[in-house]
Amino acid sequence: MINPVSRNIFRMFILILFQVLVLNNIQVSSFINPYMYVLFILLLPFETPRWLLLISGFAIGISIDLFVNTPGMHTSATVFMAFLRPYVLKFIMPHDEYESGTYPRLYYFGFTWFLKYSLVLVFLHHTFLFYVEVFRITFFFHTMLRVMLSTLFSVFLIILSQFFIYRKQK
Amino acid sequence: MRNLLRIIILYHFQILFIILEVISISLLINQNNFQKAQFLNITHKITGRIYKKINNTTAYLSLKKTNFRLAEENAKLKNIIERTYRSDEIFFFGEYDSLYHQHYFYTSAKVINQTVNKQRNFLTLNKGSNVGIRPEMGVVSQDGVIGIVVSVSKQFSTVISLLNLDFRVSAKLAKNNYFGSLHWNGKDYRKVKLDEIPYHIDVNKGDTVVTSGYSSIFPEGITIGTVSNSEVKGGNFYEIEVDLSVDFKSLVYVEVIGNLQRKEQIELEESTND
């Protein structure tokens with residue numbers, strides 16, 4: 001078993017590279033911009049201290065920003081999302097508490113739970129990101145449509161990846 | 001003290017969140033031009049209104065001096081007009097639209113806010129896109145060059161001052177037309193530096209420095225200042241210190257210069273470069 005810290009760091013690098021090298025080059029339309037790197041925040045273990053959560057969000061956000069040359073944009077959105085993660089987890093808790101030894105994964109808590117979990121957080125992240133990107137109120141509904149379509153697409157990718165990667169384990 | 005520490009430990013999550021968000025938002029605003037312009041636009045709408053109020057009152061205090069300057073400038077302008085009319089007959093009798101010959105147009109505006117004590121100084125003017133001011137127009141006063149318009153809202157515009165580390169303008173010595181690059185070194189609001197003048201030129205104290213007109217922003221020959229000190233420091237170029245003719249601390253009225261043929265000039269230059 002690999003050490004969980006190095007496993008998470010490895011996952012972070014893979015996700016950054018996948019986002020920058022693959023997803024950012026797929027330009028379906030201006031309405032669909034999937035940002036899958038937020039999966040990193042989604043998959044951090046339950047026991048992660050909350051300050052580390054924010055620092056991780058900051059780290060991955062600023063790495064993405066450095067690649068796409070928009071300092072602060074992804075950083076602020078990802079920190080925002082990391083901040084909300086504990087509250088969302090508490091809100092959609094299946095039983096009394098998350099058992100120790102489990103991770104926020106699809107195969108531990110089932111499809112519905114994971115869909116809810118990722119949909120809420122990705123939506124919050126995308127809302128923050130897209131509104132910061134346009135930075136004005138005039139295109140409100142246009143931006144809302146972009147947020148929704150991109151959220152659907154990102155969540156689709158995230159869930160797909162879960163089926164692919166974790167299918168064989170237990 | 002102990003209570004404070006306890007609060008910090010208790011709310012470390014929220015505090016860290018706020019710190020990180022502030023860092024990233026300030027990065028966002030400082031590093032991304034669009035967001036910066038948008039942010040300035042909104043703040044200008046608010047601050048511009050306040051400054052306008054303040055200025056309406058304080059303008060009375062310098063009324064006498066301003067009046068005197070206006071009268072002086074009027075006289076100067078009248079001289080220029082008479083001279084132009086006699087020398088340029090086509091202007092009257094040609095079949096072209098008079099606009100065709102007019103190269104620059106001037107709009108007067110009032111300075112409603114400005115700084116001189118920062119490293120990057122800006123001015124705010126009380127006119128904006130509603131009278132045709134656009135970014136990249138030059139700004140001068142009757143004494144000389146002030147800066148270049150960077151962003152405009154409907155009622156206001158901001159001008160990057162000559163006293164800004166990011167500002168560079170092409171300037172030349174009036175007596176022999178050798179040109180160089182003029183910039184501020186961030187120290188004294190009355191002095192700027194002129195570089196790239198080759199060392200074999202004769203430069204004396206008191207020589208006039210004017211705009212070169214190469215940038216298509218300023219017309220040729222607008223005063224910037226006079227040479228106060230010059231020395232050759234390594235290399236082949238002079239390092240010239242220029243005393244500004246404009247006193248930035250007493251600016252009230254300025255003129256914004258639009259170049260009517262700028263677009264044509266730039267398009268031609270770009271197509272030549274390609």
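Arg49(B) has its place in helix α3 of chain B, which spans residues 33–58; helices here are DSSP runs of H or I with at least four residues, strands are runs of E with at least two, and both are numbered from the N terminus. The model is a predicted one, in which local features need pLDDT of at least 70, side-chain atom pairs count only at pLDDT 80 or more, and totals for chains, interfaces and linings use all residues. Residues are numbered from 1 along each chain as its sequence is written, chains are lettered from A and ligands numbered from 1 in the order in which they are written, and side-chain values use heavy atoms, with hydrogens and water left out.

Arg49(B) is exposed, its relative accessible area being 57%, where exposed means over 50%, buried under 20% and partly exposed in between, with a 1.4 Å probe and protein chains only. Together with Lys45(B), Lys52(B) and Lys53(B), Arg49(B) makes up a patch of positive charge on the surface. Such patches hold residues with over 30% relative accessible area and no salt bridge, like charges being joined within 9 Å and nonpolar side chains (Val, Leu, Ile, Met, Phe, Trp, Tyr) within 5 Å. Lys and Arg count as positive and Asp and Glu as negative, while His and the chain ends are not counted, and a charge is placed at NZ of Lys, CZ of Arg, CG of Asp or CD of Glu.

A nonpolar patch on the surface of chain B includes Met1(B), Leu4(B), Leu5(B), Tyr11(B) and Ile19(B) among its members, which together have about 1,100 Å² of accessible area; areas come from the Shrake-Rupley method with a 1.4 Å probe, and for residues only the protein chains shown count as cover. Helices α1 (2–10) and α2 (12–31) of chain B each contribute at least two residues to this nonpolar patch, and α1(B) gives the largest share, with 6 residues. Ile19(B) belongs to helix α2 of chain B and, at 44% relative accessibility, counts as partly exposed.

Strand β11 of chain B, residues 237–244, has Tyr238(B), Ile240(B), Val242(B) and Leu244(B) on its covered face, whereas Phe237(B), Glu239(B), Glu241(B) and Asp243(B) are on the uncovered one. In a regular strand the side chains alternate between the two faces of the sheet.

Strand β8(B), residues 191–198, pairs with β11(B) in the antiparallel sense over 6 bridges, pairing being counted when DSSP finds at least two bridges between two strands. Lys191(B) has Asp243(B) as its bridge partner in β11(B). Strand β10(B), residues 223–232, also runs antiparallel to β11(B) and is joined to it by 7 bridges, and here Glu231(B) has Glu239(B) as its partner. The hairpin of β10(B) and β11(B) leaves 4 residues between the strands, and within it Gly234(B) takes a positive phi near 60°.

Glu196(B), in strand β8 of chain B, has a phi near 70°, a positive value in a residue other than glycine, and its relative accessibility of 45% makes it partly exposed. Asn177(B), likewise not a glycine, has a positive phi of about 65°; Asn177(B) is found in the loop between β6 (168–173) and β7 (179–183) of chain B.

## Salt bridges

Over all chains, the structure holds 8 salt bridges, each being a side-chain nitrogen of Lys or Arg within 4 Å of a carboxyl oxygen of Asp or Glu. Glu241(B) forms one with Lys193(B), their closest N and O atoms being 3.6 Å apart. Because Glu241(B) lies in strand β11 and Lys193(B) in strand β8 of chain B, the pair ties together parts that are 48 residues apart in sequence. Glu241(B) is partly exposed at 22% relative accessible area, whereas Lys193(B), at 17%, counts as buried.

The side chains of Arg69(B) and Asp143(B) meet in a salt bridge with an N to O distance of 3.9 Å. This pair links distant parts of the chain, 74 residues apart, with Arg69(B) in helix α4(B) (residues 63–87) and Asp143(B) in the loop between β3 (138–141) and β4 (144–152) of chain B.
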